[in-house]
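User: Could you take a close look at the surroundings of the ligand for me? I'd like to know what lines that spot and how the pieces around it are put together.

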Amino acid sequence: MLASTLTLTPGVDTLRLFLHVTAAAVWVGGQFVMLGLLPTARQLGDGAAQKLARAFARLSWPAFALLVITGAWNMMALQSSTKSTGWNVVFSIKMVMVILAGLGAWLHGRAKSKGGTAAWGSIAGTASLLALLGGVMLAG
Ligand code: HEM
């Protein structure tokens with residue numbers, strides 16, 4: 001019976017994964033909410049979209065820092081002997097995506113042209129989604 005093999009995650013692991021997933025929800029989900037709100041923000045007048053972006057940055061960067069801290073905690077909690085080659089490949093790709101996501105978001109905030117802002121924003125959003133997908137594959 002399937003039900004008899006299911007168990008609950010131990011308390012400390014629950015906290016570790018809860019913090020990691022909550023930070024991922026703010027970092028990844030926030031970027032898509034910002035994208036959805038952009039047309040409305042532009043109707044509110046000059047500078048409204050920029051103000052909104054600066055307010056989001058005050059939430060998203062602490063979330064990114066929490067992702068890195070809890071990500072390192074994840075690594076320490078998992079025994080290296082139990083990781084397959086496939087796991088290590090997905091982890092390496094995920095780390096490249098995390099770097100691209102952070103770098104893309106940083107350059108997005110500093111871009112001077114509309115094209116640069118859009119390009120770096122798309123890179124940050126796509127890399128963040130792929131990092132999230134990699135994370136789900138690692139936890140599986
Ligand atoms: C954009 C940044 C990141 C996102 C969106 C992200 C997202 C996720 C998600 C959604 C999970 C699945 C959790 C679950 O289903 O329980 C996960 C797991 C994991 N993440 Fe991340 N993560 C990020 C950054 C990092 C970093 C920087 C590291 C390492 C330094 C890391 C290491 C891990 C590991 C090892 C797991 C597996 C945890 C386990 O099986 O207990 N993550 N991640």
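This is a predicted model: local features need pLDDT of at least 70, side-chain atom pairs count only at pLDDT 80 or more; totals for chains, interfaces and linings use all residues.

**Around the ligand**

Analyst: The shell has 22 residues, and the ones that come nearest to the ligand are Ala24, Gly71, Asn74, Gly135 and Ala139. As for who contributes, α1 (11–43), α2 (48–77), α3 and α4 each give two or more residues to the shell. By class, the shell splits into 17 nonpolar and five polar residues, with no charged ones.

Now for how two of those helices sit together. α3 covers residues 85–110 and α4 covers residues 114–139; their axes come within 7 Å and cross at roughly 155°. Angles over 145 degrees count as roughly antiparallel, so that's the label for α3 and α4 relative to each other. The crossing of α3 past α4 is left-handed. In that contact you'll find 18 nonpolar residues, seven polar ones and one charged.

Zooming out, the protein chain has four helices and zero strands, running α-α-α-α from the N terminus on. The C-alpha trace spans about 60 × 30 × 25 Å along its principal axes. Of the chain's 140 residues, 19% count as buried. And if you take contacts between residues at least 6 apart in sequence, 71% of them join residues at least 24 apart.

Terms used:
Residues are numbered from 1 along each chain as its sequence is written. Axes are lines fitted to C-alpha atoms, for helices over the stretch in contact, and angles run from 0 to 180 degrees between N-to-C directions. Angles under 35 degrees count as roughly parallel, over 145 as roughly antiparallel, 65 to 115 as roughly perpendicular and the rest as oblique. A crossing is left-handed if the near helix is turned anticlockwise from the far one by less than a right angle, and right-handed if clockwise. Ala, Val, Leu, Ile, Met, Phe, Trp, Tyr, Cys and Pro count as nonpolar, Asp, Glu, Lys and Arg as charged, and the others, Gly among them, as polar. A residue is near a molecule or strand if its C-beta atom, placed from the backbone, lies within 6 Å of it. A residue is buried if 20 or more other C-beta atoms lie within 10 Å of its own, exposed if 12 or fewer, and partly exposed in between; C-beta atoms are placed from the backbone. Two residues are in contact if their C-beta atoms, placed from the backbone, lie within 7 Å.
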